[in-house]
Amino acid sequence: PSDNKRFQMVATTLEGLENVLAKELMMIGGNDVRTGKRAVYFSADMDLLYKANLRLRTALRILKPLKIFRARNEEDLYNGIASIDWTEIFDVNKSFAIKTAVSGTIFTHSHYAALKCKDAIVDQFRDKFNERPDIETRTPDLVFHVRIHRDQVTVSLDSSGIPLNKRGYRQADAAAPINECLAAGMLLIAGYEGKRNFVDGMCGSGTICIEAALIANKIGPGLLREDFSFMHWKDFDAELYQVIHNATVNRIKDGQHQIMGYEESMSTIKLARQAAKEAGVEEAINFRITNFFDEEPPAAPGILVMNPPYGE
């Protein structure tokens, strides 16, 4: 970090949505924004870190890089990870998971690299407190990312934890649902802002309609979640987060235009309605059991966005 307040961050996304995410970041106050492959780089403070997790629609994760170093063998990797004071980042009673990605000829097995990183972290706590934090792969308190490209290692803190596209409204029985970030990205690329009538002619389990309703009502998608990984960091500022959370809630307004979803399957429409209820936008969407080709569009101006069945 350049000083005690601002630091570099990376927001990851789906390929093709980098420019959309960059625009989103600039709209919430991101500085030094530049795009990469499936990523957008920017500088931030804790205020913006919290805001990014609550408001960004096309980001998958918000990462805070900790350290970059060279590792030509497993000993170098262990020592590089051990050189970070993990006891200043989280408490021993927290659980963590390590996500690794490797490329090149030095490290060829991501699972083995993750084990070496885990050992370095656990050993540090054991040496200092005679206790060790738990490893949790499903629902960890903290998530760390280690990316190894040839001999360069980048270690990052994941401020999001569960990927941000997992808003919490999706129904388990939904068949082949579109990624929520992709749905939001489609809408933003199409210029949808909630100021026109909207139709999804083949809405399936309702993801595109729900994302449209979140946009139209200015609902930050992160408001649907209660837990982020940054809440388990030692420097988590609960008071500041509450201010940002309240400000995000205060932006919500009732949309003034129709959002309609058409689908022939009654069981699928039931899933869509339940998902909309979980997202808090059930009153904003009119789901109908009908064939799109038999329907008249609502009054202009309007926009049609849909994801037709593959191969049909």
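## The second largest pocket

Helix 1 is the top contributor to the lining of the second largest pocket, giving 4 residues. Keep in mind that this is a predicted model. The pocket holds about 700 Å³ of space, and 24 residues line it. Those nearest its centre are Met-27, Leu-188, Glu-193, Ile-215 and Lys-218. Helix 1, helix 5 and helix 6 (207-216) are the elements that give two or more residues to this lining.

By class, the lining of the second largest pocket splits into 9 nonpolar, 5 polar and 10 charged residues.

## The largest pocket

The largest pocket comes in at about 840 Å³. It has 24 lining residues too, and Val-10, Thr-12, Tyr-41, Leu-63 and Arg-147 sit closest to its centre. Here strands do the supplying: strand 1, strand 3, strand 4, strand 5 (95-103), strand 7 (142-149) and strand 8 each bring at least two lining residues. The class breakdown is 10 nonpolar, 8 polar and 6 charged.

## Helix 2, tucked in

Helix 2 (residues 46-55) is largely enclosed by the rest of the structure, because 9 of its 10 residues are buried. Among the buried ones are Met-46, Leu-48, Lys-51 and Arg-55. Their cover includes strand 1 (7-12), helix 1 (18-27), strand 3 (39-44), strand 4 (61-70) and helix 7 (238-250).

## Lys-166 on its loop

Lys-166 belongs to the loop between strand 8 (152-158) and helix 5 (180-189). With a relative accessible area of 49%, Lys-166 counts as partly exposed. Leaving aside residues up to four places away in sequence, Lys-166 touches Glu-180 and Arg-225. Arg-196 is 30 residues from Lys-166 in sequence, and their C-alpha atoms are 27 Å apart.

Methods:
Residues are numbered from 1 along each chain as its sequence is written. This is a predicted model: local features need pLDDT of at least 70, side-chain atom pairs count only at pLDDT 80 or more; totals for chains, interfaces and linings use all residues. Side-chain values use heavy atoms; hydrogens and water are left out. Buried means under 20% relative accessible area, exposed over 50%, partly exposed in between (1.4 Å probe, protein chains only). Contact means heavy atoms within 4.5 Å. On a 1 Å grid over the protein atoms alone, a cavity is a set of points where a 1.4 Å probe fits but cannot get out, and a pocket is an open set with protein on both sides within 12 Å along at least five of seven lines; lining residues have an atom within 4 Å of a point. Grid points are joined across faces, edges and corners, and a volume is the space filled by probe spheres set on the points. Ala, Val, Leu, Ile, Met, Phe, Trp, Tyr, Cys and Pro count as nonpolar, Asp, Glu, Lys and Arg as charged, and the others, Gly among them, as polar.
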